[in-house]
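Subject: Structure handover

Hello,

Here is the structure I promised to pass on. Please open it alongside this note; my findings follow.

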Amino acid sequence: MSYKAIVIGSSAGGLAALKELLSPLKKSFKIPIIIVQHISPQSDNYITTYLNNLCELKVKEADQRELIKKGHVYFATPNFHLLVEENYSFSLSTEDRVNYARPSIDVLFETASFAYGEKLIGIVLTGANHDGAKGLRIIKERGGLTIVQDPKEAEVDSMPLNAIKESKVDQVLKLKDIADFLNRLG
Amino acid sequence: MSKTFEEDNKTLNIEIELLLEAIFKKYGYDFRDYGKAHIKRRVLHRLASSKLESISHLQHAILYDEEYFKLILKDFSINVTEMFRDPSFYKKLREEVIPLLKTYPFIKIWHAGCSTGEEVYSMAILLKEEGLLDRTQIYATDFNQNVLKTAKEGIYPIDKVKEYTHNYQKSGGIHSFSDYYTAKFESVILDNELKSNIVFADHNLVSDKVFAEVHLVICRNVLIYFNKSLQDKVLDLLEKSLIPGGYLALGSKESIRFSKSNKEFDTVDDKEKIYKKKLSIKKA
Ligand SMILES: C[S@@+](CC[C@H](N)C(=O)[O-])C[C@H]1O[C@@H](n2cnc3c(N)ncnc32)[C@H](O)[C@@H]1O
């Protein structure tokens, strides 16, 4: 299977986890990665700046109507939902919070799965709520691959546990193994 | 399995296209150039909370029952707003735009897509503090009558006040936010003085014409719901509503940079998305 995109959701403890997951990815890694990290509405762009310095891949905030490109890692902007259009571009929305969150992981996962169907990988990492569980189930239902961070390793385990409870996920892995797995995909 | 998903998704998209066509033909509201992912989310949301079987059934319901149409209209118009949303924007407005507006004897401002009015009253407060409220006419428009009704009342839930006070202070407010409202039970009622120069009106940016000639247009967090061609069309309308040298303010994630109207404007502040219409425009 040649995957066309990877979506990742993380919440409490996410920054450290994302650092561990993204920094081993090689410069040649082709598949675009799109991330919702729960974050305070007022925060600036420190996450993307920080990770962009640490990673070989280009890390940036997803802009309104930007085309999704290979070799990029995109982050949802604080206080906006991030949606994937079926022509592989982004759009933003200020609609109400979903699962108490804006950006919401479910919103990203659901729209991305319409765009990419079975060619999508969904990953849920550490966090304290249940955002992402429904989205991951939908990705699975549409033939995509689903991965959850091993709850035993996660800084906060409820988001991984809720995702595992909601649907039969394909893999439960430690961050290091997720990174290895991704690197093997290309 | 995936084949069926792709097939089903294609059919779903056809149903949504037909639904938008039906709404346009029957009610005149044109959502055909709104962002597709957004519209799809809202339609599926409405479908899930109805007892209807498919979007085609929803279409039937909307065509024969205006109440259903009103529901979907509400679904499509995202009304989330707040007072002094993005305080740094209001600060910039105060510092960079207000001093120039002061040079006009009489000022007109248009809030396009004003939702429930919080943005409009924030502007009224700013104008009052700058001594401009008495000589300003504010037009505030939206295509959703429900939100306009709330906007006219200017009554908001009291539990928002803490956040609004914080925003107000960060925006460079020079008084106390509590000077502008009276608390009553679970609500705050904004002062009548703020309302005196505001006209709230129904206006659809997609299908209606230029609204007035104004010195400042504020259209924030509306264009993000439109596709590129509709955004261009609406920006053209906004541009035509401005006097030469007038100002345009967009939402933090919106920009004129890649639009056709770009050449008609100079950038006042890139981050806060404030633009100034050029004084003389050479026609191509
Ligand atoms: C997210 S709110 C923005 C409110 C406010 N400007 C702010 O930034 O806080 C978007 C508003 O645009 C309005 N809107 C959407 N499409 C419109 C149209 N075609 N014509 C006029 N208003 C429209 C919606 O009804 C909604 O109230």
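Predicted model: local features only at pLDDT ≥ 70, side-chain atom pairs only at ≥ 80, totals over all residues.

Which strands of chain B does helix α10 lie across? Helix α10 of chain B covers residues 228–240. It lies across β1 (107–112), β7 (214–219), β8, β9 and β10 of chain B. Against β8(B), the helix runs at about 135°.

**The sheet in chain B**

An open sheet of 7 strands is found in chain B. The order is β6-β2-β1-β7-β8-β10-β9, with mixed pairing. β6 (198–202) and β9 (265–269) of chain B each have a single partner strand, so they stand at the edges and one side of each has no neighbour in the sheet. On average, neighbouring strands of this sheet are turned by 20° against each other, direction ignored.

Strands β8 (residues 242–250) and β10 (residues 274–277) of chain B run antiparallel. They are joined by 3 bridges. Look there for Tyr247(B), which stands opposite Lys276(B) in β10(B).

**Gln137(B)**

Gln137(B) is in strand β2 (residues 136–142) of chain B. Which backbone oxygen lies 3.1 Å from a polar atom of the Gln137(B) side chain? That of Asn197(B).

**A hairpin in chain B**

β4 (residues 181–184) and β5 (residues 187–190) of chain B are antiparallel, with 4 bridges between them. Ala183(B) has Val188(B) in β5(B) as its bridge partner. The two strands form a hairpin with 2 residues between them. In the turn, Phe185(B) has a positive phi of about 50°.

**The interface of chains A and B**

Contacts involve 29 residues of chain A and 28 residues of chain B. Together the chains bury about 2200 Å² between them. Of that area, 53% is on carbon and sulfur atoms.

How many residue pairs are in polar contact across this interface? The rule finds 12, with both residues at pLDDT 80 or more. On chain A, β5 (81–84), β6 (90–93), α3 (105–116) and α4 (133–141) each supply at least two residues of the side that touches chain B. α3(A) gives the most, with 5 residues. By type, the residues on this side of chain A are 7 nonpolar, 10 polar and 12 charged.

**Salt bridges**

Over all chains, the count comes to 32 salt bridges. Between chain A and chain B it is 5. Arg41(B) takes part in the following two pairs.

- Glu95(A) with Arg41(B): the closest N and O atoms are 3.1 Å apart. This pair crosses between chains, from the loop between β6 and α3 of chain A to helix α2 (residues 36–49) of chain B.
- Glu110(A) with Arg41(B): the side chains meet at 3.9 Å, N to O.

To see why such pairs form, recall that side chains of opposite charge can pair when their charged atoms come close.

Best wishes

How values were computed:
Residues numbered from 1 in each chain as written. Chains lettered and ligands numbered in written order. Heavy atoms only, no water. Pairing = 2+ DSSP bridges. Axes fitted to C-alpha atoms, helices over the stretch in contact; angles between N-to-C directions. Contact = heavy atoms within 4.5 Å. Buried area = accessible area lost by both parts, 1.4 Å probe. Salt bridge = Lys/Arg side-chain N within 4 Å of Asp/Glu carboxyl O. Polar contact = N/O pair within 3.5 Å; in protein donor to acceptor, adjacent residues only side chain to side chain. Nonpolar A, V, L, I, M, F, W, Y, C, P; charged D, E, K, R; others polar.
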